[in-house]
Amino acid sequence: KHIHPDSYDYIRHFVAEKRDERSDYLERVRRTLETTIEKAGLEVIVETRAKHFYSIYHKMKKRGKAIDEIYDLLGIRIVCDTEAECYSALGLVHGLWPPIEGRFKDYIAMPKANQYQSLHTTVLSFGGKMIEIQIRTRVMHETAEFGVAAHWFYKRGALPEQQRREDLAIL
């Protein structure tokens, strides 16, 4: 925002311009996933998520792409209780929409060095639009959002909720 204000304004304007259209689309995908997964007997949380402006900028630079070539500005996250449910949910997602070749990563079987775990897939959804979907357990989500130390604090239950957030901000 401060180092490249023109790029920031360009990205902000592009995202804002199509926000309602993307939100409606994501909501349709979210509802479809919830219904399909619920019918399969799984209890999950399905969330929509927006990529941060810096992440968009970084991806454009890294891949040498224009913003309209970045297809995962928004995505879906499915949070399950167990690893087995993650893989079941992945099967249901791929049953709904075809996966894009080369756009699947299994960070559950092969976690990143920082302990990050999740399944990532990109599918061809409604209207031929590509959408990235992340699938993880609640514990994996805690670790991804707050880090390994945060997970330890939460599991231990030693800190009140507000104090946990303040302490985690310091970490």
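This is a predicted model: local features need pLDDT of at least 70, side-chain atom pairs count only at pLDDT 80 or more; totals for chains, interfaces and linings use all residues.
Reader: What is the mean pLDDT of the protein chain, and which elements have the lowest and the highest?

Author: pLDDT is the predictor's confidence in each residue, from 0 to 100. For the protein chain the mean is 83, and 83% of the residues reach 70 or more. Helices (H or I, at least four residues) and strands (E, at least two) are DSSP runs, numbered from the N terminus.

Reader: In what order do the strands of the sheet lie?

Author: Two strands pair if DSSP finds at least two bridges between them. Here five strands form an open sheet with mixed pairing, in the order β1-β2-β5-β4-β3. Because β1 (45-50) and β3 (99-106) stand at the edges with a single partner strand each, one side of each is left without a neighbour in the sheet.

Reader: How many bridges join β1 to β2, and how does β4 pair with β3 and β5?

Author: Six bridges join β1 to β2 (residues 74-80), and these two strands run antiparallel; Arg-49, for example, has Gly-75 in β2 as its bridge partner. The pairing of β3 and β4 is also antiparallel, over four bridges, with Lys-105 bridged to His-120 in β4. On its other pairing, β4 meets β5 (residues 130-137) in the antiparallel sense over six bridges, and Thr-122 stands opposite Glu-132 in β5. The hairpin of β4 and β5 has five residues between the strands, and Gly-127 in the turn has a positive phi of about 70 degrees.

Reader: Which residues of helix α3 are buried, and which are exposed on the face turned away?

Author: In α3 (residues 53-63), the buried residues include Ile-56, Tyr-57, Lys-59 and Met-60. They cover an arc of only 165 degrees around the axis, which puts them on the same side of α3; the arc is that of the directions from the helix axis to the C-beta atoms. The face turned away from this buried side carries the exposed residues Tyr-54, Lys-61 and Lys-62.

Reader: How many salt bridges does the structure hold, and which residues are joined into one network?

Author: Side chains of opposite charge can pair when their charged atoms come close. A salt bridge is a side-chain nitrogen of Lys or Arg within 4 Å of a carboxyl oxygen of Asp or Glu, and the structure holds eight. In one of them, Glu-27 meets Arg-31, with the closest N and O atoms 3.8 Å apart; these residues lie four apart in helix α2 (residues 19-39), about one helical turn. In another, the closest N and O atoms of Glu-34 and Arg-30 are 2.7 Å apart. Glu-34 is partly exposed at 30% relative accessibility, whereas Arg-30 is buried at 17%. Salt bridges that share partners join Glu-27, Arg-30, Arg-31 and Glu-34 into one network.

Note on methods: Residues are numbered from 1 along each chain as its sequence is written. Side-chain values use heavy atoms; hydrogens and water are left out. Buried means under 20% relative accessible area, exposed over 50%, partly exposed in between (1.4 Å probe, protein chains only).
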